[in-house]
Amino acid sequence: METLPLEVTRAAGDLRALVGRLSRRLRQTSMVGEMTLPQASVLSVLEREGPATPGVLATKERISPQSMGAILISLEALGLVSRTPDPTDGRRLVISLTETGLQVIHGARRQKEERLAQALANNFTNEEQQVLMAALPLLERLARLL
C-alpha cells in the first residue's frame, strides 16, 4: 500500500469529522414532533427504495425483526406507513409509505434545507457561499468513489 501525503491523511480525518458533525446537526431537526431517529430512518428507506417487507427493513436498518415490528406499529399508528399482503406470498406483509408519510419526509427535507440555507445566507459572505457551492461537485465525486 502506498504512503499517502500527511496533509491528505489529515484532510481526510478532518472531512470525516466535519461531515459527521454536520449530519448529526441536521438530524437534530425533528421530522414530526416526537418521531424517533429509527422511525425517521425507516421512512427514509421506504421513500428512497420503495415498499419492503419488515424483514428486509430490519436487515437494512441492522436491527432485530422484533425492534422493526415495534417501529412499524408506531409508524402505522401515526398513519405514515401501511401494511398490505405480499402479492407473491400472502404470508408476508409489504410496508409502504402512505401519502402522509411521504409528506412528512418531504416536509422534513424542506425544513433541513431551509435551515442550511438560512445558515449560509446569514453567516457566510457571498464569496464564501460561492466557494462552498464550487466544492459541491467535488464532494459529490468523492461520495461516489467511497
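Q: What makes a residue part of the lining of the largest pocket, and which residues lie nearest its centre?
A: A lining residue has an atom within 4 Å of a pocket point; on a 1 Å grid over the protein atoms alone, a pocket is an open set with protein on both sides within 12 Å along at least five of seven lines. Here 41 residues line the largest pocket, with Val19, Leu22, Ser23, Leu26 and Leu116 nearest its centre. This is a predicted model, so local features need pLDDT of at least 70 and side-chain atom pairs pLDDT 80 or more, while totals for chains, interfaces and linings use all residues. Numbering runs from 1 along each chain as its sequence is written, and side-chain values use heavy atoms, with hydrogens and water left out.

Q: What volume does the largest pocket have, and which helix gives the most to its lining?
A: The volume is about 1,600 Å³, meaning the space filled by probe spheres set on the grid points. H1 gives the most to the lining, eleven residues, and H1, H2, H5 (99-123) and H6 (126-145) each supply at least two. A helix here is a DSSP run (H or I, at least four residues), numbered from the N terminus.

Q: How many of the lining residues are nonpolar?
A: The lining of the largest pocket has 24 nonpolar, eight polar and nine charged residues. Ala, Val, Leu, Ile, Met, Phe, Trp, Tyr, Cys and Pro count as nonpolar, Asp, Glu, Lys and Arg as charged, and the others, Gly among them, as polar.

Q: Which residues does Leu26 touch, and where does Leu26 sit?
A: Leu26 belongs to H1 (residues 6-27). Leaving aside residues up to four places away in sequence, its partners are Lys112, Arg115 and Leu116, where contact means heavy atoms within 4.5 Å. Leu26 and Leu116 are 90 residues apart in sequence, yet their C-alpha atoms are 8.4 Å apart.

Q: Why are H1 and H5 called oblique?
A: Their axes, lines fitted to C-alpha atoms, come within 10 Å and cross at roughly 125 degrees. Under 35 degrees counts as roughly parallel, over 145 as roughly antiparallel, 65 to 115 as roughly perpendicular and the rest as oblique. So H1 and H5 come out as oblique. Leu22, Arg25, Leu26 and Arg27 of H1 meet Lys112, Arg115 and Leu116 of H5, which by class is three nonpolar, no polar and four charged.

Q: Why do H2 and H3 get another label?
A: H2 (residues 37-49) and H3 (residues 54-61) have axes that come within 11 Å and cross at roughly 110 degrees. That makes H2 and H3 roughly perpendicular. Ser41, Val42, Val45, Leu46 and Glu49 of H2 touch Leu57, Lys60 and Glu61 of H3: four nonpolar, one polar and three charged residues.

Q: What makes H3 roughly perpendicular to H4?
A: H3 and H4 (residues 65-77) pack at about 110 degrees, with axes 9 Å apart. That angle is why H3 counts as roughly perpendicular to H4. On the H3 side are Pro54, Leu57, Ala58 and Glu61, and on the H4 side Pro65, Met68 and Leu72. By class, the contact has six nonpolar, no polar and one charged residues.

How values were computed. Axes fitted to C-alpha atoms, helices over the stretch in contact; angles between N-to-C directions. 1 Å grid on protein atoms, 1.4 Å probe; cavity = no way out; pocket = protein on both sides within 12 Å on 5 of 7 lines; lining within 4 Å.
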